[in-house]
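Here is a short tour to read alongside the structure. Have the model open and follow along.

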Amino acid sequence: MTSRVADFLKERVDFSPVRAWVARRKIPQHKHSFWYYFGGLALFVLTIQIITGIMLAFYYSPTPVNANESVRYIMEKVHYGWLIRSIHFWGANFLIAVVLVHMFSTYFMKAYRKPREIMWVLGVIILALILTSAFTGYLLPWTTLSYFATKIGTSMPLYIPFVGHFISRLMAGGADVGAATLTRMFTLHTIVLPILWLTAIAIHVFLSQVLGLSTPMSQMQARDETKLFPNFMMRQAAVWSGALAVLISFVAIFPEGLAAKVNPVLPAPAGIKPEWYFLFVFQTLRTFPDVIGLGGITLGAIIWMLVPFLDRKASNGQKSTFFTLFGVAIIVYLVTMTVMAYITTEVH
Amino acid sequence: MFAFFLDTAADSLASAIPSFTERFNFALPLIVVLLIVMFFLLIKVYSLENDASNGSGKKSLPGKRAKH
């Protein structure tokens, strides 16, 4: 049966150029090759997010009256609904962690250097889009924490001169977080952002295949290579399998619950704080005046995105110690701010 | 993230989520299968590379340099 299908396809479509191309593809092998697996791992976790997200969307209702109830229905009535939701929740956390590891490993291997500048810029854009996806998805259960976190998030653009008020209203769909915000966040989370990050990822992956994977400058003498298929892909599949085992372990040990529906009339509870990946923003705003804090983060993100165009030494094949130290400084800042936010705020 | 654990414990649908034993019974076989698949793939790729290196007379085991 399988061979008949294969013969049917072979008579109609010539796959031989694709097969020849795949057979030719090689991946550099050196002592830092381990980091290459994080890009594929991010794609794998993203696929899990897409599948579980579609399953949740079958039952979710994006209105203030029904949102929390529909999530409750998913968890109580839908077969394995609690499991799907927990995988989606932990998958989001894993995805951000994996993308961060992928980005910093790429940075320290200076893989952004010529001719891969566009890949780096797209990578930073993908991270921003994924963080925005996490932010927009956060409101959907319509709980007290998600409501007030979104209120803070949608008020942040107010610090932007001239257009801040417009952006804030555009995000919230009105003067305050409400029904319009929920439908906007749902539409962004399930339609707009997936279209944007899928497009960006498609170009990112396409470029990685056209340009090949970058070899760190310290390993340029290493001439070892391994075949993309089957060798590299089998190792990649092993990484996926192990990662899925870890994800399932988290889901089994720490299943995601559902807090009570928000009552917007009540004041924000004391000590609320964002998810771990936004804690550095939270702490920055607590430490510095809002305009300076937000301005600094925005400027830092722009500089981070433009690093390939600023680090000319790396593009010329020279060591660029300054940018290595810059990367270390960014990590130290992010970790310090995150830890400070965690230990200095009251746990909600 | 950790605040979420506390939220879960304090104020969530305890009844909707199966007990730890039920979750454990569900997850453990799955985790074992995934780990078996992982090790199977790693052994398979190691054996592939070993065979290739023996066939060509080159040494290209993981961690060793091959001449191209």
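At 53% relative accessibility, Phe206(A) counts as exposed, because exposed means over 50% relative accessible area, with buried under 20% and partly exposed in between (1.4 Å probe, protein chains only). This is a predicted model, in which local features need pLDDT of at least 70, side-chain atom pairs count only at pLDDT 80 or more, and totals for chains, interfaces and linings use all residues. Residues are numbered from 1 along each chain as its sequence is written, chains are lettered from A and ligands numbered from 1 in the order in which they are written, and side-chain values use heavy atoms, leaving out hydrogens and water.

**Around Phe206(A)**
- Phe206(A) sits in helix α9 (residues 179–211) of chain A; helices are DSSP runs (H or I, at least four residues), numbered from the N terminus.
- Its C-alpha atom is 9.4 Å from that of Met119(A), 87 residues apart along the chain.

**A helix pair**
- Helix α5 (residues 81–108) and helix α6 (residues 117–139), both of chain A, pack at about 160° with axes 11 Å apart.
- That makes α5(A) roughly antiparallel to α6(A) (an angle over 145 degrees).
- The residues of this contact (heavy atoms within 4.5 Å) include Met103(A) in α5(A) and Trp120(A) in α6(A).
- They divide into eleven nonpolar, one polar and no charged.

Conventions
Axes fitted to C-alpha atoms, helices over the stretch in contact; angles between N-to-C directions. Helix = DSSP H or I, 4+ residues; strand = E, 2+ residues; numbered from the N terminus. Parallel < 35°, antiparallel > 145°, perpendicular 65-115°, else oblique. Nonpolar A, V, L, I, M, F, W, Y, C, P; charged D, E, K, R; others polar.
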